[in-house]
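Start with the terms, then the details.

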Amino acid sequence: MLQKSIIVTGGAGFIGSHVVRLFVNKYPQSRIINVDKLTYAGNLANLKDIEDKPNYRFVKADICDFDAMLSLMREEKVEGIIHLAAESHVDRSIKDPFTFARTNVIGTLSLLQAAKVFWESLPEKYEGKRFYHISTDEVYGALEMTEPQGIEPPFTTKASSGAHHLAYGEKFFTEDLKYQPHSPYSASKAGSDHFVRAFHDTYGLPTIVTNCSNNYGPYQFPEKLIPLFINNIRHRKPLPVYGKGENVRDWLYVEDHARAIDLIFNEGKIAETYNIGGFNEWKNIDIIKVLVSTVDRLLGRPEGTDLDLITYVTDRAGHDLRYAIDSRKLQRELGWEPSLQFEEGIEKTVRWYLENQDWMDNVTSGEYQKYYAEMYYGGGAG
Ligand code: NAD
Ligand code: DAU
């Protein structure tokens, strides 16, 4: 890897922790600086296995703090930025849109401006530098579901090569689609994407943007569908299915996303956008049934016992019907493909949450926030 000093923002969160782990282990000659504010979604226990590595540094900071970002970039002579820090949960954005605008839009702008000021002060300026912004498929809006029973997808990847193997419409999100965000979350991500592209077009900042579909896997905060439902099934608590459970999401194993980020950071073209996904569409209700039967089997309960936990609740406001990514550009240009079949990934994920009940219990009890307080502030508030 060309860049020797890299900031990863949001590295204590779900996807960020997988990216930090991959980079710290794969690039021992590079310094990986994890910048995270440690909001409710940040958990340093996600990185326990690498926190003592000599090429890793954690900095507790808010990306909205321009001065802190600029002085850190100067101190560490930062050459690359992989920007994942964000408010990421749609339901929270519906209740509190301001926090999303602040972190996702102003925070991204603050990082962009700090990178611009620092890199422009160097003799070589932008040469060898990279500002890589991680975005979401939700900025494209929602696709219609034209095939409620599902059809053969136009393209199969390892992720979608299992028995389910369905697409729920003819249309997919391609990189050239216009943005049509519906939730305050996706509107704030769209705003941040626009700023990133504007910094390339106006100042020549070397930017890349990727838009990924729904991730699943270990260390996801249990407000999101998959970890929340695994934990609720384990405790025999109700499973709140929004609306009729007919909404479709396109699921990708988190380590496959981290591998794509590594590839694109190193080999992606400046100013390009790449969509990341596995042509792996599922209706929520079908995933929920897979989760129930997998948890039941692994806990030794008769399979299907916990289907009675399914509880249909009021739909999410503005609930996007279908997301489906067309990731053929990334496959064609950089040779990326998912490595894990969805059914195998779900089995692995359910096992991980059941085998790591301490992690889950620490999060649900709030104990996890003491972990970093003790580590960095001797038990104080931090
Ligand atoms: P997450 O909520 O699990 O983690 C976000 C991290 O950002 C946390 O560690 C949090 O402490 C940190 N953070 C929040 N505000 C901050 C601030 N002001 N300053 C510094 N750090 C701050 O999120 P995630 O699911 O891992 O998503 C990571 C990124 O990937 C986000 O940008 C999200 O939009 C994008 N994304 C997520 C998915 C998905 O399915 N989870 C899919 C596509 C794209
Ligand atoms: O598509 C990428 C996006 O995926 C990311 O940008 C977001 O950060 C990430 O949170 C995710 O957004 P979703 O809203 O799709 O994920 P969530 O896990 O919240 O919900 C998945 C689906 O399940 C969605 O259709 C809503 C539904 N759902 C969710 C929860 C939490 C329920 O039916 N019940 C629930 O309790």
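## Terms and model

Helices are DSSP runs of H or I with at least four residues, numbered from the N terminus. The model is predicted.

## The second largest pocket

The second largest pocket holds about 150 Å³ of space. Its lining consists of His89, Asp91, Arg92, Ile94, Lys95, Tyr242, Thr314, Asp315, Arg316 and Ala317.

Which helix gives the most to this lining? Helix α3, residues 90–95, does, with four residues. By class, the lining splits into five charged, three nonpolar and two polar residues.

## Strand β5: burial

Strand β5 covers residues 130–136. Seven of its seven residues are buried, so the strand is largely enclosed by the rest of the structure. Buried here means under 20% relative accessible area.

## Strand β5: neighbours

Which strands does β5 pair with? One is β4, residues 80–83, which runs parallel to β5 and is joined to it by four bridges. Another is β6, residues 207–212, also parallel, with six bridges to β5.

Phe131 takes part on both sides. From β5 the chain crosses through helix α5, residues 184–203, to β6. This β-α-β crossover is right-handed.

Methods
Residues are numbered from 1 along each chain as its sequence is written. Chains are lettered from A and ligands numbered from 1 in the order in which they are written. This is a predicted model: local features need pLDDT of at least 70, side-chain atom pairs count only at pLDDT 80 or more; totals for chains, interfaces and linings use all residues. Side-chain values use heavy atoms; hydrogens and water are left out. On a 1 Å grid over the protein atoms alone, a cavity is a set of points where a 1.4 Å probe fits but cannot get out, and a pocket is an open set with protein on both sides within 12 Å along at least five of seven lines; lining residues have an atom within 4 Å of a point. Grid points are joined across faces, edges and corners, and a volume is the space filled by probe spheres set on the points. Helices (H or I, at least four residues) and strands (E, at least two) are DSSP runs, numbered from the N terminus. Ala, Val, Leu, Ile, Met, Phe, Trp, Tyr, Cys and Pro count as nonpolar, Asp, Glu, Lys and Arg as charged, and the others, Gly among them, as polar. Buried means under 20% relative accessible area, exposed over 50%, partly exposed in between (1.4 Å probe, protein chains only). Two strands pair if DSSP finds at least two bridges between them. A crossover is right-handed if, with the strands pointing away from the viewer, the path from the first strand over the helix to the second runs clockwise.
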